[in-house]
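Hi everyone, and thanks for coming. Have a look at it first.

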Amino acid sequence: LIEALSLHASQMAFELLPQHLGNIAWCMAKMKHVDMPLIDAITAKALQSIPESDQQEISNLVWAFAKMSTKNSRLMDVVAGCSIASKKFNAQGLANLAWSCATMQFSPQPLLQDIGEESLKILHSFTEQN
């Protein structure tokens with residue numbers, strides 16, 4: 001069943017919204033099911049949609065890739081090129097993004113600096129879960 005769903009999702013990935021990409025990747029991460037053709041299809045669509053994606057869609061997607069131990073430098077380069085400030089990341093989104101960068105050993109200084117600066121602006125909203 002999982003293989004059939006993965007095949008179907010990879011075939012229609014270009015029709016999916018950014019939230020759907022993140023949801024599918026999140027499901028794969030939680031099930032510990034890494035399907036490279038589906039990951040490749042999600043990546044191809046995400047590379048186009050990240051500039052228009054919101055902070056939750058971005059943080060969920062990169063969290064899922066990190067959780068699956070799927071290093072994807074092309075995807076992370078696009079994320080790093082986005083303006084973190086314009087996406088209005090919340091505490092959970094910033095924590096997910098920082099954790100994902102650390103887990104994937106991806107450390108572009110401008111992105112990490114942006115994460116730090118945005119975190120300081122909303123420091124009061126962080127909880128022990130973040």
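Let me begin with the lining of the largest pocket, whose residues divide into 8 nonpolar, 4 polar and no charged. In this scheme Ala, Val, Leu, Ile, Met, Phe, Trp, Tyr, Cys and Pro count as nonpolar, Asp, Glu, Lys and Arg as charged, and the others, Gly among them, as polar.

Before we go further, a word on what you are seeing. This is a predicted model, where local features need pLDDT of at least 70 and side-chain atom pairs count only at pLDDT 80 or more, while totals for chains, interfaces and linings use all residues. Residues are numbered from 1 along each chain as its sequence is written, and side-chain values use heavy atoms, with hydrogens and water left out.

Back to the pocket. The lining is made up of I2, L5, S6, H8, A9, N23, I24, C27, M28, M31, H33 and L38. Helices here are DSSP runs (H or I, at least four residues), numbered from the N terminus. The volume of this largest pocket is about 200 Å³.

What do we mean by a pocket, and what by a cavity? On a 1 Å grid over the protein atoms alone, a cavity is a set of points where a 1.4 Å probe fits but cannot get out, whereas a pocket is an open set with protein on both sides within 12 Å along at least five of seven lines. Lining residues have an atom within 4 Å of a point. Grid points are joined across faces, edges and corners, and a volume is the space filled by probe spheres set on the points.

Now for the cavity. How many cavities of 30 Å³ or more are there? The count comes to 1, and the largest cavity holds about 50 Å³ of space. P18, L21, G22, S49, I50, S53, E57, I58 and L61 line it, with α2 and α4 (55-67) each supplying at least two of the lining residues. By class, that makes 5 nonpolar, 3 polar and 1 charged.

Two of those lining residues deserve a stop. S49 is found in helix α3 (residues 36-49). Is S49 buried or exposed? With a relative accessible area of 8%, S49 is buried; buried means under 20% relative accessible area, exposed over 50%, and partly exposed in between, using a 1.4 Å probe and protein chains only. Leaving out residues up to four places away in sequence, S49 touches P18 and L21, where contact means heavy atoms within 4.5 Å.

The other is E57, in helix α4. Apart from neighbours within four places in sequence, E57 is in contact with P18 and Q19. E57 is buried yet has no salt bridge, and the nearest side chain of opposite charge, K87, is 7.4 Å away. For charge, Lys and Arg count as positive and Asp and Glu as negative, with His and the chain ends not counted. A salt bridge is a side-chain nitrogen of Lys or Arg within 4 Å of a carboxyl oxygen of Asp or Glu.

So where is a salt bridge found? The structure holds 1, and it joins the side chains of E118 and K121 at 2.9 Å, N to O. Side chains of opposite charge can pair when their charged atoms come close. E118 and K121 are separated by about one helical turn, because they are 3 residues apart in helix α8 (residues 109-121). E118 is buried at 12% relative accessible area, whereas K121 counts as exposed at 56%.

Most residues other than glycine have a negative phi. K32, in the loop between α2 and α3, has a positive phi near 55°. K88, in the loop between α6 (84-87) and α7 (91-103), also has a phi near 55°. K32 is exposed at 74% relative accessibility, and K88 is exposed at 66%.

Last, two distances. P108 sits in the loop between α7 and α8, and its C-alpha atom is 9.4 Å from that of M76, 32 residues apart along the chain. T127 lies in the segment after α8, and the C-alpha atoms of T127 and A4, 123 residues apart along the chain, are separated by 39 Å.
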